[in-house]
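Q: Could you pick one part of this model and take me through it closely? I would also like to hear what else stands out along the way.

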Amino acid sequence: MALLDRHLGFVTALREAGLLVSVSESLDAVSAVGHIDLAERETLREAYAATLVKRQQHRDAFDTIFDIYFPTAVGDGLAHQLAAEDAEDDDGADGAITEAGDEAPAPGLADAWQQPVDANALRDFREELSDALLAGDETDLGALVQEAVARFGQIQGRRPGSVPGQQSWSRLNVMQRVQPQTLMSGLLAAMLGVGQDRDGLAEQVARTTLRARIARFERMVDAEVRRRVAEELGEERIARSAVRPPLERIDFLSANKDDLAALRREIYPLSRRLATRLVQEQRHGRSGQLDFRRTIRESMQTGGVPMMTMHKPRRPHRTDLVLLCDVSGSVRQFAQFTILLMFALKEQFGRVRAFAFVDDIDEVTDYLQPGQGIGESVMQLTQQARVTWVTGRTHYGRAFEKFVERYPDAVGPKTSLLVLGDARSNYGYLSEEVLAGLADEARHAYWLNPERENLWGTGDSAAFTYRRIVPMVEVRNLSQLSEFVHDLA
Amino acid sequence: MTTATIDASPAFFSSPQDVVDRLGEVGYLASPATATAVYLASVLGKPLLAEGPAGVGKTELAKAVAKVAGAELVRLQCYEGLDEARALYEWNYRKQLLRIQAAPDGQEWDATHDDIFTDEFLLTRPLLTAIRREDPTVLLIDEADKTDVEVEGLLLEVLSDFQVTIPELGTVKAARRPFVLLTSNATRELSEALKRRCLYLHLDYPSTEREKEIVRSQVPGVEDALAEQVVRVVATLRDLDVKKAPSIAETIDWARTLLALGRTDLDEATISETLGVVLKHATDHERARRELSLPDAAE
């Protein structure tokens with residue numbers, strides 16, 4: 001019974017984290033668990049994953065919650081024995097645990113926040129960690145993670161509803177004291193051997209390997225901290241705060257660096273679809289004109305009765321894609337995404353012309369050469385492209401005017417026009433008629449707006465004005481982008 | 001092969017470990033996640049959806065399962081424009097026409113009708129073939145993301161009940177459930193309904209340790225150190241965000257190439273010469289050369 005309760009709690013936590021777990025999937029999971037050996041934790045994890053997680057983007061959230069609900073160990077685990085040997089900062093009592101917070105502690109407990117840590121112990125630990133990272137042994141690393149959290153992760157602080165002076169665990173404490181990133185140069189030297197040429201291939205390879213291992217260590221510390229906190233606070237509470245929203249719901253405007261990297265991988269397949277959707281001639285029926293000759297030849301098989309008509313293949317339709325992208329500060333995050341999307345489209349689709357604007361507009365197609373590093377291109381783009389004129393503040397009206405003036409032939413009847421921006425024009429004139437002219441000329445025109453729809457039309461937003469001319473879609477995250485691409489068909 | 005009774009699910013395996021061991025025998029090194037998913041698919045009798053980048057062994061998995069289970073592999077290759085007639089069944093109307101023309105004079109239409117809608121004139125396509133087979137079967141629905149939404153609806157129907165209704169013949173029910181594996185490169189999101197009916201397995205590039213094992217098992221005679229170097233360099237290349245990341249098959253090809261060239265050490269010059277085996281785009285080559293500071297290939 002207890003197992004069933006745990007299962008239900010787990011499924012509820014997954015749903016709260018944004019995974020769509022249906023009742024039938026939950027039932028599948030129960031029957032799957034019945035077939036496996038429950039003592040094998042990783043098998044249990046994979047069994048749950050196979051039945052409940054149907055999108056890879058949800059896997060991180062799943063793993064986090066799984067670790068909370070099905071922890072590796074209870075209490076101090078192995079680390080306890082090690083810490084007991086030292087018996088230095090181990091005050092014997094386990095104490096209650098409060099939620100790990102990286103925020104500053106309550107006043108008066110400031111000294112307790114930074115408990116002194118034995119420098120020798122820390123140095124020994126870092127040495128052990130180096131060895132484990134070098135060897136890449138998972139089990140060793142697991143034991144070290146437990147030790148690290150038990151010894152360096154403690155904080156004493158106060159949270160509402162807890163007893164003052166309670167112990168807690170913090171990821172920040174572990175990272176600040178252990179500083180795994182600073183081990184890198186030592187590890188590199190050890191892996192490559194002394195006196196080796198320090199750049200080039202060998203280093204690059206070693207660096208990749210080590211970086212992955214250090215990241216793994218950090219993730220394990222995260223999980224361990226959460227596990228210890230969850231033990232005291234209850235799973236529901238910690239599960240709710242520990243899980244980041246899944247990638248497809250992350251707002252482009254608030255995405256951090258890791259998210260952007262992940263978004264980038266996701267955008268490529270989407271852009272391919274977007275490109276094909278925009279080009280695709282609507283396929284009514286299978287093919288084009290009747291191919292008389294082939295029809296007669298085929299009819300020989302059926303004794304001269306033309307049972308199947310044969311058709312000539314349709315000529316593929318060529319469409320140009322023209323992108324107009326706002327790259328100003330107000331949409332900086334979105335601009336990064338915009339540039340990613342431009343890049344992706346450019347790689348998928350040869351006939352793309354991209355224009356970037358703030359209050360002036362410039363063609364940036366050439367900066368988006370496939371194969372070039374995205375970082376370099378962005379750098380070039382911001383340094384060389386003439387996108388600002390005087391103020392450096394977005395001015396849609398002027399940008400559109402200049403676009404038509406300088407590139408009169410860019411938009412034609414075969415063009416799909418895509419405008420990316422928040423339509424905030426700093427109260428400048430809007431040149432609606434210019435945009436209307438462009439929209440008329442083009443085969444399709446769409447506007448993707450990264451701003452929440454209920455903010456449109458507020459302040460200096462000209463979203464409503466432009467929306468009357470060009471269909472405008474709110475695209476704040478990946479799922480909205482894929483919806484847009486899907487609806488294009 | 002286990003003794004599966006008729007109508008039961010194809011319990012090919014007895015535990016996840018059994019999956020690892022037996023797939024290992026035929027040269028497929030399964031990760032714990034893969035083994036668990038395959039095992040569950042076999043005991044629960046549910047289709048398994050394997051998603052992941054190209055060249056991580058999704059199709060190979062189906063072949064390996066078929067081999068160890070002594071089952072026949074029925075493959076449905078999906079593509080855009082695939083329809084019921086290609087996936088499920090079709091009447092061989094040319095033969096039917098001949099039959100009608102050749103009908104003896106005076107034969108009643110009803111008799112002819114009964115005659116031409118029989119098994120003889122039925123062209124079974126992979127889905128129906130898999131359902132009608134009485135021996136153990138592995139049904140591979142390859143690249144399911146390439147199909148149109150309508151075919152997905154068809155799959156939904158077939159995969160949930162394992163039966164097909166042919167108006168002229170009646171309902172064909174699976175004599176025994178095939179082991180179904182769907183693969184997808186995730187170029188588009190499959191429908192929630194389809195995903196709900198399947199177990200899900202995300203196959204990604206293997207860890208360097210596993211890939212090394214794979215190389216060593218697939219390329220006999222390769223030195224341990226060389227295999228290690230190859231997989232590490234490949235991992236680095238995948239990290240570079242190239243247009244087409246090297247697949248496992250390409251890693252294996254690379255190891256074979258190096259072996260054939262008699263190289264025992266993978267240095268910058270060797271990589272530069274043989275980069276074409278793993279990277280198939282000119283732009284990827286440029287990127288790799290720049291990032292790994294390789295010398296230009298001596299052409």
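## A ring pair, an interface and a helix

A: Both A:Tyr446 and A:Phe484 are buried (under 20% relative accessible area with a 1.4 Å probe and protein chains only; over 50% is exposed, and in between is partly exposed). The model is predicted, so local features need pLDDT of at least 70 and side-chain atom pairs pLDDT 80 or more, while totals for chains, interfaces and linings use all residues. Residues are numbered from 1 along each chain as its sequence is written, chains are lettered from A and ligands numbered from 1 in the order written, and side-chain values use heavy atoms, without hydrogens and water.

Rings of Phe, Tyr and Trp (its six-membered ring) pair if their centres lie within 6.5 Å, with planes under 30 degrees apart stacked, over 60 edge-to-face and the rest tilted; by this rule there are 24 aromatic pairs over all chains. For A:Tyr446 and A:Phe484, the ring centres are 5.4 Å apart and the planes stand at 80°, so this pair is edge-to-face. It joins distant parts of the chain, with A:Tyr446 in strand 8 (residues 444-449) of chain A and A:Phe484 in helix 20 (residues 478-488) of chain A, 38 residues apart (helices, H or I of at least four residues, and strands, E of at least two, are DSSP runs numbered from the N terminus). Elsewhere in chain A, ring pairs link A:Phe10, A:Tyr48, A:Phe62, A:Phe66, A:Tyr69 and A:Phe70 into a cluster.

Now let's step across to chain B. Here 42 residues of chain B are in contact (heavy atoms within 4.5 Å) with 46 residues of chain A. The two chains bury about 3700 Å² between them, 55% of it from carbon and sulfur atoms (the accessible area, 1.4 Å probe, lost on being put together, summed over both). B:Arg94, B:Tyr200 and B:Arg232 supply 15% of the area that chain B buries against chain A, more than any other three residues. The interface also holds 3 salt bridges (a side-chain nitrogen of Lys or Arg within 4 Å of a carboxyl oxygen of Asp or Glu). B:Lys46 and A:Asp28 form a salt bridge, at 2.9 Å from N to O.

Let's finish with helix 3 of chain B. Its buried residues include B:Leu61, B:Val65 and B:Val68. B:Lys67 lies in this helix too, but counts as exposed at 59% relative accessibility. Just after helix 3 of chain B, B:Gly70 takes a positive phi of about 65°.
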